[in-house]
Amino acid sequence: MTVRSGSADWYLRRLSRMGPREVGGRVGDTVRRRRWRSAPPSCPDVSGARFTAVLPAGALAAVPPDAARRLIAEADRLMAGRVTYFGVERDDLTDPDWSHDPRTGRRAPAGYAFDVPYRDEDAVGDIKQIWELSRHQYLTVLAAAYAITGDERYAERVAAHLRSWWEANPPLRSVHWTSGIELGIRLLSWVWVRRLLDGWAGAAALFESNPVAREQVWHHQRWLAAFPSRGSSANNHVIAEAAGRFAAACAFGWFPASARWRADALRLLERQLRANTFLSGLNRELATEYHGLVLELGLAAVAEADAANVPVPATVRVVLLRMTDALAAVVDNRLRPPRQGDADDGHGLVLDGAGTDRWASLLATGDAVFGRLAWWPEVTGGDVRTPLLAALLRPYAKVASAPAVSRPASRPGHFADAGLTILRGPGEIWCRCDGGPHGFLSIAAHAHADALSVEVRHDGVDVLADPGTYCYHGQPEWRRYFRSTLGHNTLGLDGGDQSVSGGPFLWTRHARSRVLAADTSEGGVALWCAEHDGYRPSTHRRRVELTAASGELRVVDEVRGGPRRDVRLAFHLGPAITAELVGDRARLTWTRDGEDRSAVLDLPGELSWRAHRGESDPPLGWYSPGFGRKEPATTLVGTGSADGARGFTTVLRFHG
């Protein structure tokens with residue numbers, strides 16, 4: 001059964017995952033929203049506002065030429081009115097309609113923000129499409145192009161779009177005032193737009209001397225102070241809210257409440273960075289793209305603190321250091337991290353053009369701020385954001401209050417608290433094994449039903465792939481598929497998921513996993529074994545072995561205890577893989593850098609195997625390379641039964 005966000009059933013299920021404190025906070029939010037309808041807060045009149053959080057001299061000169069060329073090419077595309085969001089190409093960016101969804105053609109209704117049913121695609125359109133443009137991260141790209149070239153066309157376009165947005169979206173009067181993460185990221189974008197336009201004659205008139213801009217900045221911060229993400233929703237959203245509010249209070253500290261907002265936001269940011277991060281450094285949502293988002297937001301917030309000489313608790317820098325080391329540890333040889341959990345292509349701060357590697361950029365910034373360790377992968381190329389952030393951020397070693405931190409002497413492969421294990425083998429074989437918690441907090445909003453799933457790459461090519469996310473709102477059958485057990489490289493029983501969904505961002509019962517053994521040594525046989533209880537009274541146990549000498553990967557699945565059960569074992573191949581299935585053997589072929597590669601996948605003979613590709617009713621055999629995009633890919637599905645008598649063995653052998 002599909003439970004739509006906003007339905008009565010959804011509200012009841014959502015309420016069941018809240019504690020008393022969260023319920024009380026949300027009741028207070030409701031009262032405040034009703035009060036603001038008739039008596040909205042009023043921005044104080046301030047004069048003499050100045051902007052001093054400028055880039056240090058020489059920062060722009062440190063931008064690598066290749067990165068500058070990519071940035072300018074992207075800026076010119078934006079100037080021509082073209083942009084692509086989530087697979088939808090737009091050509092209306094010269095004069096955008098801020099409430100229009102180009103995917104469905106719908107337009108979000110105007111009116112009091114908290115009356116807009118933004119979760120209802122039939123009424124509003126695809127809210128992700130509408131919100132993305134108004135994060136104003138394309139404006140930071142245009143502003144960066146101005147800063148590097150001095151071409152005032154870029155600055156004038158930024159100014160025109162900001163004035164247009166402010167006029168179309170007065171405080172509390174549109175869909176852009178409904179979600180805190182959007183307000184937080186938008187504030188961070190405005191801070192960087194003002195910083196990058198500092199050499200332009202019209203910058204002050206656009207921002208600090210403009211009462212409309214000051215009112216917008218004030219109302220954004222007031223909104224975020226009043227409506228923080230709470231309790232079961234305190235995930236990456238609250239990090240974005242705190243980071244944006246803190247950045248604005250540092251750079252736009254023009255108001256009587258600025259000092260209080262800055263202190264409150266910093267306390268919230270410190271507390272939530274710790275709460276959202278395992279001690280190993282991995283993000284607790286176990287959704288890799290949100291690890292990247294939180295790391296970007298954290299680094300940007302600390303950059304504002306350092307620029308404003310605001311002391312930051314030592315724990316903030318320590319968490320960001322550990323997150324950076326963890327990222328360096330889990331990427332493959334092509335600097336691609338796991339494709340685990342939800343991913344919506346969200347970024348904290350965008351200053352680069354298309355073709356810039358997000359993960360390489362984060363590692364480059366980590367190197368500049370924390371210093372790279374000997375085992376870190378090499379990062380080639382450059383980006384715009386790293387030298388500009390590094391110009392503001394104090395190197396960790398030079399921060400007097402920064403404690404000495406024990407960092408890994410060699411590349412870690414097993415993250416016990418997160419239940420994530422990376423096995424590595426010859427020929428750049430990379431294998432992620434998932435034996436961690438189902439997700440974060442009581443709703444596990446960005447989790448997938450993927451317990452004990454594996455993800456295997458060869459020289460960066462997805463061989464056994466995690467299919468990705470594809471969508472959030474408006475397409476429930478696709479949302480359900482991409483987060484289902486069938487949608488991952490794991491075993492399912494009786495046609496059901498390991499965990500029980502209560503809505504597109506809500507799980508009402510979580511499978512519990514535990515890792516029984518993990519040996520990530522690369523010289524002999526790397527080993528991982530784990531089990532979960534999602535199919536009680538039965539237990540699914542999986543053992544993975546990667547032999548260094550041969551590069552052979554062996555996966556053994558067992559169903560222990562309980563009655564005889566129907567079994568469905570899925571292996572999703574990457575989009576570059578061609579598969580020829582004969583009986584229980586699949587020959588896999590692909591090309592990498594002009595060279596032909598191949599492997600053989602021997603599947604359990606106890607099951608009956610079929611290949612599926614690009615099926616829609618129901619969905620099966622798809623790969624999502626990014627949010628809003630999907631393409632056909634081969635999925636091998638074996639069906640049969642299990643009575644606990646023996647396991648199911650799968651062997652993957654690479655041939656070059």
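Among contacts in the chain between residues at least 6 apart in sequence, what percentage join residues at least 24 apart? With contact meaning heavy atoms within 4.5 Å, that share is 71%.

This is a predicted model, in which local features need pLDDT of at least 70 and side-chain atom pairs count only at pLDDT 80 or more, while totals for chains, interfaces and linings use all residues. Residues are numbered from 1 along each chain as its sequence is written, and side-chain values use heavy atoms, with hydrogens and water left out.

Of the 656 residues, 58% count as buried, that is, under 20% relative accessible area with a 1.4 Å probe and protein chains only.

The structure holds 27 aromatic pairs, where rings of Phe, Tyr and Trp (its six-membered ring) pair if their centres lie within 6.5 Å, and planes under 30 degrees apart count as stacked, over 60 as edge-to-face and the rest as tilted. Two of these pairs are tabulated here.

| Pair | Centre to centre | Angle between planes | Class |
|---|---|---|---|
| Tyr-85 and Phe-86 | 6.5 Å | 45 degrees | tilted |
| Trp-166 and Phe-207 | 6.0 Å | 85 degrees | edge-to-face |

Both Tyr-85 and Phe-86 are buried, and Trp-166 and Phe-207 are buried as well. Ring pairs also join Trp-166 and Phe-207 into a cluster whose members include Phe-51, Trp-190 and Trp-261.

Charged groups also meet rings: the charged end of Arg-195 sits over the ring of Trp-192, 4.6 Å from its centre, and Arg-457 lies over the face of Trp-430 at 4.1 Å from the ring centre. Such a placement requires NZ of Lys or CZ of Arg within 6 Å of the ring centre and within 35 degrees of the ring normal.

How values were computed:
Buried means under 20% relative accessible area, exposed over 50%, partly exposed in between (1.4 Å probe, protein chains only).
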